[in-house]
Amino acid sequence: MTEATSRRTRLTAVLAILVGGAVGIIGSTQTWLEATVDDGSAVPIPIPGTDALAVVAPLSLAALALALALTIVGRVLRYSFAVIAVALGAGLGWGAFRIASQRPIDAVAGPVTDATGLSGAQGIAGIVTEITATPWPAVTVAASVLIVLGGIVAFATAHRWTSAGRKYRTDRTSGPRDSIDSWDDLSRGEDPTT
């Protein structure tokens, strides 16, 4: 694999995880479900992503951080982070798929309790007549697939990636030296003039 192909593969994996995490964060702020309540009001109660699936924002933020960290870590951590990315994406995808397909009562419980004052799963189930899903749970499932695919690509190709930039390397003993190298030597307590 050439260096250009290695860079493209790294960029593809990192961007897939990054875009998936960003879409997850955006989706967490959007309305995922609308609950119609039998209280005389025809206005449905909007359920944002963070209420429908509490872990959507933390998992998405973790994916964002992981994608950025993948750009600078060494080989061993690349494999670890790739596995974590697959796990994050799978967890996010499973939760969002459950919301999109089942529209469970527990996903609307908080906002319905806030709007009606009624709590408890049976009480809420008794007054909720309909739960409809917006496209956002499905969009979040697609975002989680991106995170999983990015993790798989990272795991499969991590051994071919070029190492991080000069700034992050500590084994710079050969090649021409510049003023940054001299400052780094001084920071480590070494004499750059020898």
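Helix α1 runs for 26 residues and spans 37 Å from first C-alpha to last, close to the 38 Å expected at 1.5 Å a residue. That expected span is 1.5 Å times one less than the number of residues in the helix. Helices here are DSSP runs of H or I with at least four residues, strands are runs of E with at least two, and both are numbered from the N terminus.

Before going further, a word on the ground rules. This is a predicted model, in which local features need pLDDT of at least 70 and side-chain atom pairs count only at pLDDT 80 or more, while totals for chains, interfaces and linings use all residues. Residues are numbered from 1 along each chain as its sequence is written, and side-chain values use heavy atoms, with hydrogens and water left out.

Buried means under 20% relative accessible area, exposed means over 50%, and partly exposed is in between (1.4 Å probe, protein chains only).

Now for the helix pairs. Axes are lines fitted to C-alpha atoms, for helices over the stretch in contact, and angles run from 0 to 180 degrees between N-to-C directions.

| Helix pair | Axis distance | Angle |
|---|---|---|
| α1 and α3 | 8 Å | about 155 degrees |
| α1 and α7 | within 8 Å | roughly 155 degrees |
| α4 and α7 | within 8 Å | roughly 160 degrees |

With that angle, α4 is roughly antiparallel to α7. The label follows from the cut-offs: under 35 degrees is roughly parallel, over 145 roughly antiparallel, 65 to 115 roughly perpendicular, and the rest oblique. The α4 crossing of α7 is left-handed; that word applies if the near helix is turned anticlockwise from the far one by less than a right angle, and right-handed applies if it is clockwise.

Back to α1, whose axis comes within 8 Å of that of α7 and crosses at roughly 155 degrees. This makes α1 roughly antiparallel to α7, and α1 passes α7 in a left-handed crossing. On the α1 side, the residues making this contact include Ala13, Gly20, Gly24 and Gly27. On the α7 side, Ala143, Gly150, Gly151 and Ala154 are among them. Contact here means heavy atoms within 4.5 Å.

The α1 and α3 pair packs at about 155 degrees, with axes 8 Å apart. So α1 is also roughly antiparallel to α3, and this crossing is left-handed too. Residues of α1 that meet α3 include Val14, Ile17, Gly21, Gly24 and Ser28. Their counterparts in α3 include Val56, Ser60, Ala63, Ala67 and Leu70.

**Helix α3 and Ser60**

Helix α3 covers residues 56-70, which is 15 residues, and reaches 21 Å from first C-alpha to last, close to the 21 Å expected. Its buried residues are Val56, Ala57, Ser60, Ala63, Leu66, Ala67 and Leu70. An α-helix has 3.6 residues a turn, so residues three or four places apart point the same way. The buried α3 residues pack against α1 (3-28), β1 (31-37), α2 (49-52), α4 (75-102) and α7 (136-157).

Ser60, which sits in α3, is buried at a relative accessible area of 0%. Leaving aside neighbours within four places in sequence, Ser60 is in contact with Gly21, Gly24, Ile25 and Leu92.

**A few residues elsewhere**

Thr129 belongs to strand β3 (residues 128-133) and is exposed, with a relative accessible area of 52%. Thr129 and Thr36 lie 93 residues apart in sequence, yet their C-alpha atoms are 5.7 Å apart. Not counting residues up to four places away in sequence, Thr129 touches Thr36, Val37 and Asp38.

Arg78 is in helix α4 and counts as buried at 4% relative accessibility. Arg98 is partly exposed, at 26% relative accessible area, and its side chain meets that of Asp106 in a salt bridge (3.0 Å, N to O). A salt bridge is a side-chain nitrogen of Lys or Arg within 4 Å of a carboxyl oxygen of Asp or Glu, and by this rule the count is one. Arg103 lies in the loop between α4 and α5 (109-116) and is partly exposed at 34%. Its phi is near 45 degrees, a positive value in a residue other than glycine.
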